[in-house]
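Here are my notes on the model you sent over. Have it open while you go through the points.

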Amino acid sequence: MRLFIAILLSEEMKKSVTGTMHELKKAGVRGSYVPAQNLHVTLSFIGETKDAAAIKAALQTLDDKPFRMSFAELGVFDNLLWVGIKGNQGLNKLARHVAAALDEAQIQYDRKKFVPHITIIRNMGGPWKKVSPPKGDMSVKKVSLMKSEQKDGKRIYSEIFSVTL
């Protein structure tokens, strides 16, 4: 099973991001656009594992409080176009707590520096700087354990567990 831990976007946030994606298409930005149902903020990428139960138990140790999250700028990393998240103590603290819970449970995960963002286009090319970033904010009240699988040539993400903040 290929797993990651994420914050799922509210419907309003998804609509705002998909509106920006529509504007990017109109501006001629090419690439593989992420489907609206797959938009999320990754807190930790775990990858292939058979031990979802240990990850669920680790997540249940979180005692973070809900917080607000809002969009910042559009940015590029290699050939990925993403929407950044405004600097946020609650979000950064949650990411640190998720990492600490996984460490405590001795679960392997990708240890890249946490840079809060939402990937919107892979293999991107074109005039993306002409488009304004989405606007919006939401209350983060839940952390989700997500399964990633390939079905009919498409990447499908499904929530298999969640904890309430």
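1. Helices here are DSSP runs of H or I with at least four residues, strands are E runs of at least two, and both are numbered from the N terminus.

2. Some ground rules: this is a predicted model, where local features need pLDDT of at least 70, side-chain atom pairs count only at pLDDT 80 or more, and totals for chains, interfaces and linings use all residues. Residues are numbered from 1 along each chain as its sequence is written, and side-chain values use heavy atoms, with hydrogens and water left out.

3. Now the helix itself. Leu-91, Leu-94, Ala-95, Val-98, Ala-101 and Leu-102 are the buried residues of helix 3 (buried: under 20% relative accessible area; exposed: over 50%; partly exposed: in between; 1.4 Å probe, protein chains only). Their arc around the axis is only 125°, which puts them on the same side of helix 3; the arc is taken over directions from the helix axis to the C-beta atoms. Gln-89, Arg-96 and Glu-104 are exposed on the other side.

4. As for the sheet, four strands make an open one, ordered 3-1-8-9, with antiparallel pairing (strands pair if DSSP finds at least two bridges between them). Strand 3 and strand 9 (154-164) are at the edges with a single partner strand each, so one side of each has no neighbour in the sheet.

5. Within that sheet, strand 1 and strand 8 pair in the antiparallel sense over five bridges. Phe-4 stands opposite Met-146 in strand 8.
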